[in-house]
Amino acid sequence: MMKFLVVCRRELRSYFSSYIAYVLLAVFLLLSGYFFYSDLIFFVLFGGYILPSGLWQYVFLDMRLCALLVLPLLTMRLFAEEKKLGTIELLWTYPARDGEIVLGKFLACWIFFVAMLLATAVSPIIFYRFYHFAIGPLLAAYLGIFLLGTAFIACGLFISSLTENQVVSAMGTYGILVFFWFLTWNEEAASERVIHVLLRLSLFDHFYNFSRGVIDTRDVVFFLLFITFFLFLTLQSLSARKWRGVR
Amino acid sequence: MIRAQRLTKCFGSFTAIADVSFEVERGEVVGFLGPNGAGKTTTMRILSGVFPPTSGRAVVAGYDVVADPLRARSVVGYFPERVSLYLDMTAREYLEYVAAMKDIARQRRRAEIDRVLDGCGVTHVAHRLIGTLSKGYRQRVGIAQALIGQPRVLILDEPTAGLDPEQVAEVRRLIRDLRGESTIILSTHILSEVEATCDRVMIINRGRILAVDTPHNLNQRLRQTSQIYLEVLGPAHTVAERLRAIAGVLHVELSPSAPDGIAAITVTTEKERDLRAELAACVAAAQWGLQELRPVALSLETIFLSLLNPEPAASAVHDEVPGRLSA
């Protein structure tokens with residue numbers, strides 16, 4: 001069997017044999033379900049004529065918050081826990097490449113996240129029975145949140161590889177992700193030239209188009225680069241053991 | 001089977017091992033002996049592929065650990081000093097995972113896992129979560145993990161540390177059973193362990209190899225003096241003076257902590273000269289009560305000191321726990 005699948009299966013098993021998976025899944029679904037409900041009520045009462053696109057924008061900007069809340073807690077243990085327990089030492093002695101180990105752990109988190117996203121599709125499916133909205137914008141928004149979440153996981157995986165403390169791992173990931181969010185918070189504070197660069201780098205600005213039902217290849221490429229960059233950094237961080245030792 | 005050539009490993013400015021070279025033949029059991037922090041674990045980690053050496057070369061079963069890491073790792077079974085297993089898996093699930101990581105074909109996995117479970121005596125706890133197992137059982141699951149796939153080279157870092165005497169005996173028996181099947185390097189800081197299990201000993205201290213020899217030769221070589229401990233009911237200084245006068249006695253040391261009226265004395269004599277009878281006769285002649293008389297075992301510390309300075313390090317000899325050393 002491919003090594004990364006072996007690693008991935010063990011990680012998934014570990015999520016489900018502890019409470020982590022169930023708690024995170026429950027919180028994510030409860031929050032995103034509640035946001036869907038309240039956004040829907042809001043639009044039925046006040047939004048009326050721009051209902052379809054406007055609704056998805058609000059629902060997915062809210063779901064983005066849920067992903068931001070939940071994913072760092074999912075990724076925090078990936079390497080940090082193995083370092084703390086010391087199980088990572090044995091992992092290095094098995095005939096598997098660093099890349100296969102990184103890929104396996106990344107994939108486990110990713111599968112879990114995709115499962116969470118699929119579960120949220122229940123709300124729009126029920127809604128569709130009562131109101132035939134255009135499906136395209138919804139799919140675009142799902143693609144957006146999927147890419148955004150995958151980027152969160154890549155970032156979290158990297159931070160987890162830096163520390164053996166899970167709290168540090170989660171907090172560091174929050175720090176980076178929230179910073180990327182607030183990068184363009186106050187456009188007036190940055191000079192004309194800088195704001196153009198910042199807008200290009202902001203995770204959440206790139207997500208904004210998707211939530212309005214627009215798929216821009218520039219946004220897709222940005223996310224793919226962001227993910228690749230952090231996976232690359234993770235590999236680099238793991239190879240630091242070659243000169244720094246196991247910890 | 002294992003060849004280490006001038007291995008050096010530095011962590012920043014700290015040199016963990018320097019210029020370590022040795023060879024281990026197929027089927028040999030070699031003991032790595034040294035105090036904590038001597039560089040045993042670092043050397044073993046290099047051989048099992050945890051990290052590469054800063055310089056030098058290590059070849060395991062013909063595969064260079066740096067140039068051909070995956071193949072080198074596939075012939076090595078490693079048991080780390082800090083046994084860390086996934087506590088949320090059962091022993092069998094864990095070994096299934098290890099077997100998959102070690103490329104054991106799916107249809108052979110079950111038989112292979114049964115074999116190592118049986119060999120390590122953990123079949124009856126295979127269905128239990130590792131987190132609920134006692135330290136002894138976890139240690140054995142750790143050894144089982146190393147044995148999966150019948151690796152040609154086994155590297156065991158302190159396999160008996162922290163076990164009770166019965167478990168220690170079991171692990172040693174297990175290692176003896178593996179003799180011939182695999183080439184084994186095991187580390188320890190207990191001298192009798194090496195004598196019980198190993199064909200050869202490598203003594204390492206502060207990152208350097210001090211000696212490589214059979215346990216027997218090493219003992220002979222290092223015994224430049226022998227020591228006898230006595231407890232005598234009598235005036236301490238007078239007793240010491242009388243004993244010093246005996247031919248062949250090099251040095252007499254009084255223990256200051258002995259209670260009043262009892263002379264606790266360590267006598268250093270020339271090598272291979274048994275003066276026990278003479279000492280006893282001397283005490284008896286003066287009509288003192290002889291409470292205890294026994295040869296002092298060579299402690300690990302003494303061995304290191306005598307390897308570091310070839311002169312007899314008589315004053316540095318300390319009493320050892322009986323039974324721990326069988327010198």
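1. Let's start with one residue in chain B. Glu81(B) sits in the loop that runs between strand E6 (76-79) and helix H3 (91-101) of chain B. Please keep in mind as you read on that this is a predicted model.

2. Which residues does Glu81(B) touch, once neighbours within four places in sequence are set aside? Its contacts are Thr41(B), Asp157(B) and Glu158(B).

3. For H3(B) and helix H5 (residues 135-147) of chain B, the angle is about 25° and the axes are 10 Å apart. H3(B) is therefore roughly parallel to H5(B), as angles under 35 degrees count as roughly parallel. The crossing of H3(B) past H5(B) is right-handed.

4. On the residue level, H3(B) brings Ala91(B), Tyr94(B), Leu95(B) and Val98(B) to this contact, and H5(B) answers with Val141(B), Ala144(B) and Gln145(B). Sorted by class, that makes six nonpolar residues, one polar and no charged ones.

5. Now over to chain A, where H1(A) meets helix H6 (residues 98-120) of chain A: their axes come within 7 Å and cross at roughly 45°. This angle makes H1(A) oblique to H6(A). Here, too, the crossing is right-handed.

6. Who takes part in the contact of H1(A) with H6(A)? From H1(A), the residues include Phe4(A), Leu5(A), Val7(A), Cys8(A), Glu11(A) and Tyr15(A); from H6(A), they include Glu100(A), Ile101(A), Gly104(A), Lys105(A), Ala108(A) and Phe112(A). By class, this contact has 13 nonpolar, one polar and four charged residues.

7. Finally, the two chains together. Chain A gives 22 residues to the contact and chain B gives 22 residues. On the side of chain A that touches chain B, the elements giving two or more residues are helix H1 (3-17), helix H5 (87-93) and helix H13 (241-244) of chain A. That side of chain A is made up of nine nonpolar, seven polar and six charged residues.

Conventions: Residues are numbered from 1 along each chain as its sequence is written. Chains are lettered from A and ligands numbered from 1 in the order in which they are written. This is a predicted model: local features need pLDDT of at least 70, side-chain atom pairs count only at pLDDT 80 or more; totals for chains, interfaces and linings use all residues. Two residues are in contact if their C-beta atoms, placed from the backbone, lie within 7 Å. Helices (H or I, at least four residues) and strands (E, at least two) are DSSP runs, numbered from the N terminus. Ala, Val, Leu, Ile, Met, Phe, Trp, Tyr, Cys and Pro count as nonpolar, Asp, Glu, Lys and Arg as charged, and the others, Gly among them, as polar. Axes are lines fitted to C-alpha atoms, for helices over the stretch in contact, and angles run from 0 to 180 degrees between N-to-C directions. Angles under 35 degrees count as roughly parallel, over 145 as roughly antiparallel, 65 to 115 as roughly perpendicular and the rest as oblique. A crossing is left-handed if the near helix is turned anticlockwise from the far one by less than a right angle, and right-handed if clockwise.
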